[in-house]
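Please look through the sequence and the structure shown below, beginning with the chain as a whole and moving on to two of its side chains.

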Amino acid sequence: MIRILLAEDEQAMRDHLTRALQKSNYEVVAVDRGTAAVPYLESEKFDLLLTDIVMPEMDGIELAQHCAKISPDTQVMFITGFSGVTLRAGESVPKAKILSKPFHLKDLVLEVQRLFEPDSIGELN
């Protein structure tokens with residue numbers, strides 16, 4: 001089962017994202033800030049770090065950079081409602097996917113599925 005570490009400081013958003021991903025058969029560990037995510041990254045394996053960019057204590061970009069050092073195989077997807085930080089995120093973590101708020105929950109699930117779909121061309125060869 002694909003494991004997702006979700007870092008989102010807004011309780012309602014965190015709850016909605018967790019439920020949508022769990023309904024799509026992903027295992028989700030949800031935390032309310034970047035500093036709370038660090039111990040999980042250091043002690044457990046996750047396939048995806050799904051993180052808000054703007055959070056107190058440690059923003060999502062710092063969290064993603066820390067993740068890249070300690071768990072380089074973990075993919076990163078940013079979620080943000082601030083277009084100004086999107087460019088900074090893309091420059092700081094160039095391989096990360098960025099999803100801008102507002103988005104529909106099904107769009108989030110589709111983006112996560114795309115990250116983990118096998119490359120159909122590669123499978124044919």
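Of the 125 residues of the protein, 43% count as buried, and the coordinates discussed here belong to a predicted model. The accessible surface of the protein comes to about 7,000 Å², with carbon and sulfur atoms contributing 52% of that area.

The protein has 6 helices and 5 strands, which follow one another from the N terminus in the order β-α-β-α-β-α-β-α-β-α-α. Among the contacts with a separation of 6 or more, 65% are accounted for by residues 24 or more positions apart.

Arginine 3 is placed in strand 1, which covers residues 3-7, and it counts as buried because its relative accessibility of 16% is under 20%. A polar atom of the arginine 3 side chain lies 2.8 Å from the backbone oxygen of lysine 45. When neighbours within four places in sequence are left aside, arginine 3 is in contact with Glu27, Val29, Glu44, Lys45, Phe46, Asp47 and Leu48.

Threonine 74, by contrast, lies in a loop, the one between helix 3 (60-70) and strand 4 (75-80). With a relative accessibility of 8%, threonine 74 also counts as buried, and a polar atom of its side chain is 2.8 Å from the backbone oxygen of phenylalanine 46. Its contacts, again leaving aside neighbours within four places in sequence, are with Phe46, Asp47, Leu48, Leu49 and Cys67.

Technical notes. Residues are numbered from 1 along each chain as its sequence is written. This is a predicted model: local features need pLDDT of at least 70, side-chain atom pairs count only at pLDDT 80 or more; totals for chains, interfaces and linings use all residues. Side-chain values use heavy atoms; hydrogens and water are left out. Helices (H or I, at least four residues) and strands (E, at least two) are DSSP runs, numbered from the N terminus. Buried means under 20% relative accessible area, exposed over 50%, partly exposed in between (1.4 Å probe, protein chains only). Contact means heavy atoms within 4.5 Å. Accessible areas come from the Shrake-Rupley method with a 1.4 Å probe; for residues, only the protein chains shown count as cover. A polar contact is a pair of N or O atoms within 3.5 Å; within protein, one must be able to donate a hydrogen and the other to accept it, and residues adjacent in sequence count only if both atoms are side-chain atoms.
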